[in-house]
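We will go from one selection to the next, with a word on what to look for at each stop.

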Amino acid sequence: MQPTRSLTFSCLVLVVLIALSGYAFSATVAVGTCTKLVHFATIQLAVNFVSTGSIIKVCPGTYPEQVAIVAKNLTLEGIASPAGDAAVILPPATGLVANATDVDTGNPIAAQLLVRDAGPVSISNLTVDGTGNALTDCSPDLQGILFQNASGTVNHVAVRNQVPNGIPNGCQIGNSIFVQTAAGHSSTVSVEHSSVHNYNKNGITGNDLNTTLVLTLNYVQGAGVVPVPGAAQNGIQLGYGASGTIEGNTVIDNIYGDPTVAASANILLYDTAENSGITVTRNRVGNSQLPIALITLGDDGANLGDGVTVTDNDIFGTSAYDAVDVCTNGNTVTGNTVFNSAESGVHLDASCGIHFGGTTGNNNIATGNTMVESACAGILIDTGTTGNTTSPDTYFTVPFPVTSSTASCPFVAGPMRAKATNKFSPAR
């Protein structure tokens with residue numbers, strides 16, 4: 001009998017050790033108790049515990065925490081359940097605190113979900129909600145999902161309410177999804193099938209050299225008319241050396257209250273990587289001062305944003321300025337349909353080169369577009385630009401198919417016509 005009891009005890013010890021080993025190194029764990037997997041009470045506990053390459057499944061429920069995934073490749077996914085599949089990350093009860101530093105400005109950032117020096121990290125079927133962030137000043141910067149020197153995918157995710165203390169203000173903070181890259185690093189992030197809305201500054205932003213942002217089939221909605229002195233919102237931004245593709249997205253309602261002070265863009269390309277093959281295609285954009293804007297300051301002499309392709313987009317409801325503002329060089333704007341633009345359908349704009357002694361609005365191809373109801377011009381070509389091709393295009397109810405001046409256009413002069421000296425307002 002004694003040998004049998006001893007063997008039984010040894011087997012029990014072995015089972016416990018195997019169970020503990022599985023608990024420590026399981027490739028798939030859960031947060032919450034909706035599965036039979038090894039589970040944790042918080043997302044951060046699970047992130048800290050599992051090894052790289054693991055899958056963390058998040059049960060429906062609310063998780064009041066800030067989550068940091070650092071130097072680890074993970075999959076983080078909400079569990080779909082017939083009883084409800086909303087796994088929501090909220091700020092802690094005491095509010096958000098700074099947990100990252102901006103790689104460009106050195107300013108503190110309070111990110112709800114931080115991915116740093118990692119990748120690939122896959123995030124899916126989660127909601128990141130900034131309600132209750134308790135941030136009352138202009139610092140730290142409130143961000144929903146932040147990738148720094150990291151790569152991954154954001155798929156079927158809702159990011160919302162990145163507004164300081166829930167009250168819109170003029171602080172240039174409050175971004176829903178942000179990707180940035182320090183010198184010597186790289187970041188490649190895909191955001192797809194996701195919903196972004198109620199941000200204070202920008203919806204989805206990719207900044208810096210060696211940042212590649214691929215945006216596909218997302219819905220991004222601004223606050224509508226933001227009164228002065230609020231922040232001029234942008235729906236999607238690539239800036240400061242970044243590159244990428246923007247395809248099949250719906251972006252609406254980014255409007256600043258006084259366009260003589262600043263303007264909002266649905267899609268803003270601002271000093272992007274030079275001739276890097278950026279494409280803006282098959283998007284639906286509207287209700288903005290600048291639905292699509294290609295802009296350079298060029299003050300670094302390198303990231304001038306030339307060579308962009310803007311094709312097959314539906315553009316509607318431009319409240320001021322132009323449906324497509326082309327303030328760089330060597331771009332192709334073709335196959336787009338423009339409805340109801342406040343000034344012109346396509347503006348080949350010479351005003352952005354002054355900061356580096358050059359000119360903009362040159363050597364562009366703007367053909368095969370359809371313009372329906374523009375208040376002034378189908379295509380506005382600034383005096384002094386050269387090398388542009390602007391035929392053939394199709395025009396309906398447009399006073400001047402092609403013109404070099406708005407002076408004789410039939411709209412009434414007023415504040416909507418008086419452009420700000422530096423109307424563009426990117427997030428940095």
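A disulfide here is a pair of cysteine sulfur atoms within 2.5 Å. By that rule the structure has four disulfides. Before you start clicking, note that this is a predicted model, in which local features need pLDDT of at least 70 and side-chain atom pairs count only at pLDDT 80 or more, while totals for chains, interfaces and linings use all residues. Residues are numbered from 1 along each chain as its sequence is written, and side-chain values use heavy atoms, with hydrogens and water left out.

**Stop one: Cys 34 and Cys 59**

Select Cys 34 and Cys 59, which are joined by a disulfide with an S to S distance of 2.0 Å. Look along the S-S bond: the torsion is about -90°, so this disulfide is left-handed. Now show the strands (DSSP runs of E, at least two residues, numbered from the N terminus). Cys 34 lies in the loop between β1 (28-31) and β2, and Cys 59 in the loop between β3 (55-58) and β4 (61-64), so the pair ties together parts that are 25 residues apart in sequence.

Cys 34 is partly exposed at 43%, whereas Cys 59 is buried at 3%.

Next, pick Phe 40, which you will find in strand β2 (residues 39-40). Its C-alpha atom is 6.4 Å from that of Ala 30, a residue 10 positions away along the chain.

Rings of Phe, Tyr and Trp (its six-membered ring) pair if their centres lie within 6.5 Å; planes under 30 degrees apart count as stacked, over 60 as edge-to-face and the rest as tilted. The structure holds two aromatic pairs. Phe 40 and Phe 49 form a tilted one, with 5.3 Å from centre to centre and 50° between the planes. Phe 40 is buried, with 7% relative accessibility, and Phe 49 is partly exposed at 33%.

Tyr 240 is in the loop between β21 (234-239) and β22 (243-247), and Tyr 270 is in strand β24 (residues 265-270), so the pair ties together parts that are 30 residues apart in sequence. Both tyrosines are buried.

Which charged end sits over the ring of Tyr 240? Show Arg 428: its charged end is 3.8 Å from the ring centre. For this term, NZ of Lys or CZ of Arg must be within 6 Å of the ring centre and within 35 degrees of the ring normal.

Move on to Cys 327 and Cys 352, whose sulfur atoms are bonded at 2.0 Å. This link is right-handed, with 105° about the S-S bond. Cys 327 is buried at 0% relative accessibility, and Cys 352 is buried at 4%.

Finish with Cys 376 and Cys 409, a disulfide with its sulfur atoms 1.6 Å apart. Cys 376 is in the loop between β35 (370-374) and β36 (377-381), and Cys 409 is in the segment after β38 (400-403), 33 residues apart. Both cysteines are buried.

Zoom out for the overall pattern: counting bonded cysteines along the chain, the disulfides run 1-2, 3-4, 5-6, 7-8.

Note on methods: Buried means under 20% relative accessible area, exposed over 50%, partly exposed in between (1.4 Å probe, protein chains only). Helices (H or I, at least four residues) and strands (E, at least two) are DSSP runs, numbered from the N terminus.
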